Amino acid sequence: MIRLLQRVIEVEDDELGRVGWSCGYFFFILAAYFIIRPLREEMGVAGGVRNLPWLFTGTLVAMLLIHPPFGALVARLPRRRFVGVTYRFFTVNLLIFFALRHALDPDHQVWLGRVFFVWTSVFNLFVVSVFWGFMADVFTTAQGKRLFGFIGVGGTLGGLLGSTLTAELAPQIGLSNLLLVSAGLLETGAFCSRRLSAASARAAQRGGPGHPAAGEEAVIGGSAIAGVAHVVRSPYLLGICAYMLLFTIGSTVLYFQQAEFASAITDSAERTAFFARLEQAVQVLTLLTQAFLTGRILKWLGVVGTLTLLPALSVAGFLALGTAHMLAVFVVFQVLRRAGEFAVAKPTREVLYTVVSREDKYKAKNLIDTFVYRAGDQVGAWSYTLIASVGVGVAGIALLAAPIAGLWLAVAFWLGRRHEAIRARPDRHSGELPAAG
């Protein structure tokens, strides 16, 4: 099995344990999320499409409130403990939602659904951001190029399992009981994160003080809001912010158009199944790409070329959607874009963080992955609502999104070039970039 694995990816013997636990870690946390993602989509539509911009606003506020406590955990606890505390917090929340769904009367279920929508949006970004910060801490840039795509296979399999379980079990055991399944999977993912920390520590001991993993369990320190100051001072981190902002604006436009198409399905269970099957298609395509192409694409095109693939696809996709606004065109574009994000853009974007300091791998990265991400949602959500209110149809909005995707393409090209320049700096050591670099 090891020889077969080494034929698929370029993995060294010293990396096998960390790669295995990383795949398991990503598998379980994404399985936990994708079980409840269709529930979030159903609750969002059930609460009224017109209310979605307010739900995005609530999500942005929640991100702003939760970032300082997370920064304080990162500053005061070693990585193994603050990662565990983060996941345990979300597990307890799932149990609370399970209890409330049984305790509240139907009149209050709509409001519970709105709260759950906001919470799930926070949950998704936090658990995935912490995971990829962990990966950037455990692996170097060179290792990330070789391994991040394959590690993503674990998450894709987890997402496929989660969406399949929801599609098949929702009519049989009910939506509420799926929350318990999600909580159990999240706890298993937290266990894998502890095992990954142990495997990384053993690798550091074998490799000596010069090993990339040496010292990674030390308390990071700094202030709870240091990520904000570091982002403001760093052109490189600001570039990642711009990349993320433009990406999420386009994603939100597609999300609203997805809600428009789904609102035509009147049955709640059928809508949930539609969302779940869409996720299944995304996960299958992502899996095939990650397993056989991601590492090779990064090797052939480098960070610069690979980072620009999804923006280029988005320019073409929005133009096609604006020209022929049909469900089939939307499904093809949405599946290709989301699969491209998971399989190609996401692993490449995470490689960008391998050249920043340990503090920025968690604090600045978490700020960008959560608050900046949801700020892009806000711009996209309210812009979509405003443009639609003056009579522009869904096809016209898609055409307006095309030049935004073109700007995203330009930012991606600059950011990839900047990453390569930082890697080549002679004063950079231990894979870290000073905060103001």
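So, is F82 buried or exposed? F82 is buried, with a relative accessible area of 0%; buried here means under 20%, exposed over 50% and partly exposed in between, using a 1.4 Å probe and protein chains only.

Quick housekeeping before we go on. This is a predicted model, where local features need pLDDT of at least 70, side-chain atom pairs count only at pLDDT 80 or more, and totals for chains, interfaces and linings use all residues. Residues are numbered from 1 along each chain as its sequence is written, and side-chain values use heavy atoms, with hydrogens and water left out.

Okay, aromatics. The structure holds 31 aromatic pairs, meaning Phe, Tyr or Trp rings (the six-membered one for Trp) with centres within 6.5 Å; planes under 30 degrees apart are stacked, over 60 edge-to-face, and the rest tilted. F82 pairs with F70 edge-to-face, at 6.2 Å centre to centre and 90 degrees between the planes. F70 sits in helix α3 (residues 52-76) and F82 in helix α4 (residues 79-103), so this pair ties together parts 12 residues apart in sequence. Helices, by the way, are DSSP runs of H or I, at least four residues, numbered from the N terminus. F70 counts as buried too, at 4% relative accessibility.

Now compare F116 and W119: ring centres 5.9 Å apart and planes at 25 degrees, so that pair is stacked. Both are in helix α5 (residues 106-138), three residues apart, about one turn of the helix. F116 is buried at 2%, and W119 is buried at 10%.

On to the core. The largest nonpolar core has 90 residues, and Y25, Y87 and M135 touch the most other members. By core I mean buried Ala, Val, Leu, Ile, Met, Phe, Trp, Tyr and Cys joined through side-chain atoms within 4.5 Å. Helix α5 gives the most to this core, with 16 residues. Apart from it lies another core of 21 residues, including A381 and Y384.

Last stop, helix α13. With 25 residues (327-351) at 1.5 Å a residue, α13 should span 36 Å, and its end C-alpha atoms are 34 Å apart, which agrees; the expected span is 1.5 Å times one less than the number of residues. Still, α13 bends by about 45 degrees at E341, taking the angle between axes fitted to the seven residues ending there and the seven starting there. And 19 of its 25 residues are buried, so α13 is largely enclosed by the rest of the structure.

Notes. Helix = DSSP H or I, 4+ residues; strand = E, 2+ residues; numbered from the N terminus.
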